[in-house]
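Colleague: I would like to go through this model feature by feature. Please give the general idea each time and then the case at hand.

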Number of protein chains: 2
Amino acid sequence: MPCGFLNVMVFECLARDGHARRGQMKFPRGTVDTPAFMPVGTYGAVKGLDAADLRMSGSRMVLGNTLHLALRPGIDVISRFGGLHAFIGWEGPILTDSGGFQVMSLGALRTIDEEGVTFRAPVDGRLFRLTPERAIAIQEALGSDVCMVLDHCPPYPASPEEIERSLARSILWAERSRRAHEREEQALFGIVQGGVDIPSRLRAFETLEPMGFSGFAIGGLAVGEPAPARLAILDALKTVLPQDRPRYLMGVGKPADLVTAVLRGIDLFDCVLPTRNGRNAHLFTSQGVLRLRNARYRTDERPIDPDCPCPACQRLSRAYLHHLDRVGDPLTLRLLSLHTLTYYQTLLARLRTAIEAGRLAPVAQEILALEGDGEAVR
Amino acid sequence: MPCGFLNVMVFECLARDGHARRGQMKFPRGTVDTPAFMPVGTYGAVKGLDAADLRMSGSRMVLGNTLHLALRPGIDVISRFGGLHAFIGWEGPILTDSGGFQVMSLGALRTIDEEGVTFRAPVDGRLFRLTPERAIAIQEALGSDVCMVLDHCPPYPASPEEIERSLARSILWAERSRRAHEREEQALFGIVQGGVDIPSRLRAFETLEPMGFSGFAIGGLAVGEPAPARLAILDALKTVLPQDRPRYLMGVGKPADLVTAVLRGIDLFDCVLPTRNGRNAHLFTSQGVLRLRNARYRTDERPIDPDCPCPACQRLSRAYLHHLDRVGDPLTLRLLSLHTLTYYQTLLARLRTAIEAGRLAPVAQEILALEGDGEAVR
């Protein structure tokens, strides 16, 4: 799996279908077929799943939350292991965020200035300072394969002034992150901010472009904005983002959101949704959403999804999993998260095949037709 | 694995060392090497572990709690699947208890008469009646490979009158269970009661013996009595229990308890301890007890137990598992339960090998020297 001759990420686009791209991100630690979905291992684990589970689900790259890991267990601990891979026992590629998004969500607990952000750690009240240089230093210590610049993500809704101010800061911080970044084997991605304002987004990209990032993330979406506003941003950016570098839509999303973003040229996703929904027994399936807590499943002998290769669908019934959820067995969390993550990875594989075959439009239509929060499975 | 020619359990004693026995319980669903330990799958799952985990731990037979399963999901559900094996996806042998022990622990919620026990289900307040005939009928519907007679387990301490009364009832119920039992492919075990009174225990066995059970359980221990009282019972029974049938010590215990019981001829155990202790990060290891929540493990790069073949010990550090426990990741429950169960199964395998080699005494000494609730690992 590891490409021995690589000492840095290489992105290759293998096929196109409209704006959609079928590519590969090649790392010394392995190749990631794109479009790809990264499960979120906030504290160095994707809740309830181990490395073997993640591999089994089809996941090839995971995300680690820099800020969470810096607070617990602390960088001193992870450094002793030579980095996050060895600490958590995951041999594949890892992307770390910069901590910017998490800091913003602390609200009243943080103060922000031009230099960086100061906040009280929710865990123990410790005062913590995050600057672009510190965000990069932590990610270098974590040794992730892709690290992210520190950014300032405005809330939604935000006034034009707020968007403008946070964007100026994001650009300044991107430049400082770029200068601070020294580990050449680690790819560094810039983050395009600018709220739901298309001109701001375009300006953000134009300013970041000459800084020489290995890839571009689109941040500050999936924070409550209406779907058409998000799609308008993706539509505006799809023709300007460079073809030769990966495009990462941060924090997205539901299966339909992935499909609409892939249609607009996105290569990489992360989201807590599959594992969170899995834990809540809200299950995506090839026939639509299945809410396993519904009493109708008490005696249902069928698997959750006959088309799914996950261990639960291969061996167990809806009735047994409904029962396990009802008695609160922790096995439920694992099996249902593993199912949902497997569903996501199977979906992405299907999109990749469709792009290769030039059949993305009809395949996307089929998947979008499943969407809806109502009970869809009969 | 399945022995196609068998249609009922066969017990074979392969070697002896003092009173200790190395044997095999052969079932149509597979062979169980004895002395053996069964993890407890109360509601049809060993909390947090799936069938693949159980196999990986070295477990070959599991216990299901009849009463819990009858209440949730209910026998109607399990019957649709043709029994417990298909419902929970476990292909190996299963032993079910009779529900007697669980009913006794309900205290004020139950009333007992000569015919049986009536109680309110703690889950939903439903009135439920358990008689010897009903306990057998439920176990026949569950389709377990070994089922147990309904017994009346006296509390500890109990007056001589209480012991006498519960023993008389246990014998009556054993006889009625025997008569009610129709599925010949299912082994039926009698349960020797009698509190900590040796003459009562001997009389219990003598009365049960002619009833023709396939094995004998020793019930009513591990309910708070001092260890010497328990060992005295095992010493009194070790020479009278028939050599050609398995001996099952119910609800025991800690590693040292298993060793002292194996020395006294016990072949089969069940206990929630390994999985419960695992969940509480109280870990048995080949070097003694390790309490993983101790802050000293925050930076410890070693595995929990270098001699353990479980996935956590093969791939992960004490520091990472300490961290996962601290952040409350549900993965911890699984990995630590799997470790502790693997420790138990490795211990039993070691005892079996020692019996074969006629070296049980020194091996038992080594294991007993590890005992103690204090932190033993350096």
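Modeller: Helices (H or I, at least four residues) and strands (E, at least two) are DSSP runs, numbered from the N terminus. Chain A has 15 helices and 16 strands. This is a predicted model, in which local features need pLDDT of at least 70, side-chain atom pairs count only at pLDDT 80 or more, and totals for chains, interfaces and linings use all residues. Residues are numbered from 1 along each chain as its sequence is written, while chains are lettered from A and ligands numbered from 1 in the order in which they are written.

Colleague: How compact is chain A, judged by its radius of gyration?

Modeller: The radius of gyration is taken over C-alpha atoms, and the globule rule is 2.2 Å times the number of residues to the power 0.38. For the 378 residues of chain A the rule gives 21 Å and the radius of gyration is 20 Å, close to it, so chain A is as compact as a globular protein of that length. Its C-alpha trace spans about 60 × 50 × 45 Å along the principal axes.

Colleague: What percentage of chain A is buried?

Modeller: A residue is buried if 20 or more other C-beta atoms lie within 10 Å of its own, exposed if 12 or fewer, and partly exposed in between, with C-beta atoms placed from the backbone. Of the 378 residues in chain A, 55% are buried. In chain B, M56(B) lies in helix α1 (residues 51-57); M56(B) has 17 other C-beta atoms within 10 Å, so it is partly exposed. M56(B) and T342(B) are 286 residues apart in sequence, yet 7.9 Å apart in space, C-alpha to C-alpha.

Colleague: Into which domains is chain A divided, and where are their bounds?

Modeller: Domain bounds come from an automatic or database domain assignment. Chain A has domain 1 (11-271) and domain 2 (278-367), with C-alpha centres 27 Å apart. Two residues are in contact if their C-beta atoms, placed from the backbone, lie within 7 Å. In chain A, 22 residues of domain 1 are in contact with 21 residues of domain 2. On the domain 1 side, α10(A) supplies the largest share, four residues.
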